[in-house]
Amino acid sequence: MYRRMCLVRELEEELGRLHKKGRTRGPIHRCDGQEAVGVGVTAALGLADKVTTTHRGHAVYIGKGMEPGPVVAEILGRATGACGGRAGHMLIADASLGMIGGNAIVGAGIPAATGMALSAQVRGTNEVAVTVFGDGASQTGICHEAMNMAGLWKLPVVFVLEHNHYGLTVPTEVQSAVDDFALRAPGYGMPVETVDGNDAVAVYRATADMADRARRGEGPGLIVANTYRVEGFSTSDMGGYQDPEVIAKWREHDPIRIAFDALEPTFGAERLTEMREAAAREIAEAFEAAFEAPFPTFAVDAASAPYTAAQN
Ligand SMILES: Cc1ncc(C[n+]2csc(CCOP(=O)(O)OP(=O)(O)O)c2C)c(N)n1
Ligand SMILES: [Mg+2]
């Protein structure tokens, strides 16, 4: 988890630098400071388990086992990307790893994972589906519909609410009728655990517990992972509406530092620093390769095109 969080951090910081140089296309939704959610959740899952994530999903992609090379190439829209350069940074998927996708439609990953859980139940497997979604997404109608059906049918789905305290520029206190999102779980007949979302071990343990229940046929669970969006909504966000003192407090409570401090007595600072440096090299190499790679071609294949110009 430490290694993967380092990879994500290096990825996000490089994306921030490249955006400033005008070398990325469109806004990028950085997840630095929130790595422990995506990485901790996915560390508790097997290959056959499915996960959906959001427009801010880089930690989930890397956590579920995607290599930096195809992820970076996809973010830069190259033909060598995980989705051939056609998905972009919000929609990356690799079904062979159970990484079913990010999603640019807020909340859309929630019913998708719930449907995958229904599929697992109908097929009689012991797979679980997990959906990581934002506090903003938790206000959508489809979130509540999915949670209700999951509770009613005891579907093997784990709902992970990545509570970074903002939906775009809107803070929690003006988007939710309750301060504490954990209050919602009893309404759908499911247990809830609230964790420090910057502590990868806490996130991992909560996910493993909820996934075990789900595999036993005991139904869904909710995890509220408290974290904070330290970098603004996207690389295009001009900021100014988040309290600098609050940002500074959360920066102190950094998920990589927490992991470092937990591991240091056993492994030593030197080894952990080497791992961080190796992650930086791996990301730098992924960017170098991606910048060399071609863009996809968009030639229309007449045989597979569903409509002809005449039909249109
Ligand atoms: C259905 C839909 N409504 C609105 C938007 C515009 N939008 C993009 S991200 C976002 C806020 C999401 O907040 P949250 O779910 O907390 O995720 P975060 O950005 O904090 O990770 C909104 C409203 C969208 N993409 N899709
Ligand atoms: Mg949010």
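What follows is a chat about the ligands of this predicted model.

Biologist: Which residues come nearest to ligand 1?

Modeller: There are 14 residues around ligand 1, and His55, Arg56, Ala104, Gly136 and Tyr166 come nearest.

Biologist: How does that shell split by class?

Modeller: Seven residues of the shell are nonpolar, five are polar and two are charged.

Biologist: Which pocket does ligand 1 take up?

Modeller: Ligand 1 takes up the space of the largest pocket.

Biologist: What about polar contacts?

Modeller: A polar backbone atom of Tyr166 is 2.8 Å from an oxygen atom of ligand 1. The side chain of Asp135 has an N or O atom 3.0 Å from an oxygen atom of ligand 1. For Val106, a backbone N or O atom lies 3.1 Å from a nitrogen atom of the ligand.

Biologist: And how much of ligand 1 does the protein bury?

Modeller: The protein buries 70% of the 580 Å² that ligand 1 exposes when taken alone.

Biologist: Switching to the metal: what are the protein donors of the magnesium ion?

Modeller: Asp135 (OD), Asn164 (OD1) and Tyr166 (O), at 2.0 to 2.1 Å from the magnesium ion, ligand 2.

Biologist: Where do Asp135 and Asn164 sit in the chain?

Modeller: Asp135 is in the loop between β3 (129-134) and α6 (141-153). Asn164 is in the loop between β4 (157-163) and β5 (166-167). The two are 29 residues apart, so the pair links distant parts of the chain.

How values were computed
Residues are numbered from 1 along each chain as its sequence is written. Chains are lettered from A and ligands numbered from 1 in the order in which they are written. This is a predicted model: local features need pLDDT of at least 70, side-chain atom pairs count only at pLDDT 80 or more; totals for chains, interfaces and linings use all residues. Side-chain values use heavy atoms; hydrogens and water are left out. A residue is near a molecule or strand if one of its heavy atoms lies within 4 Å of it. A polar contact is a pair of N or O atoms within 3.5 Å; within protein, one must be able to donate a hydrogen and the other to accept it, and residues adjacent in sequence count only if both atoms are side-chain atoms. Accessible areas come from the Shrake-Rupley method with a 1.4 Å probe; for residues, only the protein chains shown count as cover. On a 1 Å grid over the protein atoms alone, a cavity is a set of points where a 1.4 Å probe fits but cannot get out, and a pocket is an open set with protein on both sides within 12 Å along at least five of seven lines; lining residues have an atom within 4 Å of a point. A molecule sits in a cavity or pocket if more than half of its atoms lie within 2 Å of its grid points. Ala, Val, Leu, Ile, Met, Phe, Trp, Tyr, Cys and Pro count as nonpolar, Asp, Glu, Lys and Arg as charged, and the others, Gly among them, as polar. Donors are N, O and S atoms within 2.8 Å of the metal (3.2 Å for Na, K and Ca); water is not among the atoms, so sites may look incomplete. Helices (H or I, at least four residues) and strands (E, at least two) are DSSP runs, numbered from the N terminus.
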